[in-house]
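Here is a quick note for anyone opening this one for the first time. Have the structure up beside you and follow the points in order.

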Amino acid sequence: MSKVQVMDHPLIQHKMSYIRDEKTSTKEFRELVDEVGMLMAYEVTRDLTLEDVSVQTPVQETTAKRLSGKKLGIVPILRAGLGMQDGILKLIPSARVGHIGLYRDPETLEAVEYYAKFPGDIEERDIFVIDPMLATGASAVEAITAVKKHGATKIRFICLIAAPEGVDVLKEAHPDVDIYIAALDEKLNEKSYIVPGLGDAGDRLFGTR
Ligand SMILES: O=P(O)(O)OC[C@H]1O[C@H](OP(=O)(O)OP(=O)(O)O)[C@H](O)[C@@H]1O
Ligand SMILES: O=c1cc[nH]c(=O)[nH]1
Ligand SMILES: [Mg+2]
């Protein structure tokens, strides 16, 4: 069964308060989503494996630790997932990046795919699927299904805000996928927006409406 981890580090909570605030400008919103993406990547990569290497310091030779060459990949769900991409890449710059384009049909709430491009060796990589919002769960389920169809087997999902409804749907559809959340909110409203949430993440990131 999926592990669900709420990352309530004080720095993340502080930044989330500004991300939620409707008075936050597009520029600040973009910077904050990038920063929280980076902070979350720091936690999510805590279990990466290390190997011993020999290093000559200016004083003497010593044994130090380096990442053991584990292959990673991130898959932002377009559009809003792009907001977290660069923050995560700052910490893991050698990760390959795939993209999946999905939009939520406002009537049916189904996720409609319009683009997909993944690394050729996706099956060898630990994949982080990223999107700021997990609302009904339809987009995350669809994105992870697509990533699996292309061969990925080790997948985690990282989002800023989740509704309990979306977490349940995602756990049910992909019990092998661990879920990392900065804030677990109360519920969905009648339009399936997250309450209290932050509004429409894509619109706030890109200044559209
Ligand atoms: O869990 P769900 O009910 O599927 O909702 C979450 C999805 O909705 C938003 O994308 P949106 O469809 O607004 O597309 P956008 O990123 O292009 O704005 C968000 O970024 C998620 O991908
Ligand atoms: O609250 C929500 C729900 C779906 N997509 C968003 O951007 N926000
Ligand atoms: Mg949107």
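1. Ground rules. This is a predicted model: local features need pLDDT of at least 70, side-chain atom pairs count only at pLDDT 80 or more, and totals for chains, interfaces and linings use all residues. Residues are numbered from 1 along each chain as its sequence is written, chains are lettered from A and ligands numbered from 1 in the order in which they are written, and side-chain values use heavy atoms, with hydrogens and water left out.

2. Start with Val4, which sits in strand β1 (helices, H or I, of at least four residues and strands, E, of at least two are DSSP runs, numbered from the N terminus). Val4 is partly exposed, at 33% relative accessible area (buried is under 20%, exposed over 50%, partly exposed in between, with a 1.4 Å probe and protein chains only). Together with Val6 and Leu184, Val4 makes a nonpolar surface patch of about 210 Å² accessible area. Patches take residues with over 30% relative accessible area and no salt bridge, joining like charges within 9 Å and nonpolar side chains (Val, Leu, Ile, Met, Phe, Trp, Tyr) within 5 Å. The areas come from the Shrake-Rupley method with a 1.4 Å probe, and for residues only the protein chains shown count as cover.

3. The main core. Now look inside: the largest nonpolar core holds 36 residues, and Met16, Ile19, Val36, Met40, Phe128, Ile158 and Leu160 have the most contacts inside it. A nonpolar core here is a set of buried Ala, Val, Leu, Ile, Met, Phe, Trp, Tyr and Cys residues joined through side-chain atoms within 4.5 Å. Two or more residues come from each of α1 (10-20), α2 (26-44), β4 (72-78), α3 (82-91), β8 (126-130), β10, β11 and α6 (201-206). Helix α2 gives the most, with seven residues.

4. Zoom in on Ile19. Which residues does Ile19 touch, leaving aside neighbours within four places in sequence? Ile19 is in contact with Phe29, Leu32, Val33, Val36, Leu160, Leu198 and Arg204, where contact means heavy atoms within 4.5 Å. Apart from the core described above lies another, of 26 residues, including Ile100, Ala143, Ala146 and Leu170.

5. One side of α5. Leu170 turns up again in helix α5 (residues 164-173), where Gly166, Val167 and Leu170 are buried. They span an arc of only 100 degrees around the axis, which places them on the same side of α5; the arc is that of the directions from the helix axis to the C-beta atoms. Remember that an α-helix has 3.6 residues a turn, so residues three or four places apart point the same way. The buried residues of α5 pack against β1 (4-6), β9 (133-134), α4 (138-149), β10 (154-162) and β11 (178-184).

6. Backbone spots to check. Most residues other than glycine have a negative phi, and most peptide bonds are trans. A cis peptide bond joins Leu78 to Arg79, with omega about -10 degrees, and Arg79 is in the loop between β4 and α3. Val195 and Pro196 are also joined by a cis peptide bond, with omega about 0 degrees. Leu109 is not a glycine, yet has a positive phi of about 65 degrees; Leu109 lies in the loop between β6 (99-104) and β7 (111-117). Ser192 has a positive phi of about 60 degrees and counts as buried, at 11% relative accessibility.

7. Salt bridges. There are 14, counting a side-chain nitrogen of Lys or Arg within 4 Å of a carboxyl oxygen of Asp or Glu. Asp185 and Arg20 pair at 2.7 Å, N to O. Asp185 is in the loop between β11 and β12 and Arg20 in helix α1, so this pair ties together parts 165 residues apart in sequence. Asp185 is buried, at 9% relative accessible area, whereas Arg20 is partly exposed, at 25%.

8. Arg156 and Asp47 meet in a salt bridge of 3.3 Å, N to O. Arg156 belongs to strand β10 and Asp47 to the loop between α2 and β2 (50-56), 109 residues apart. Arg156 counts as buried, at 12% relative accessibility, and Asp47 as partly exposed, at 49%.
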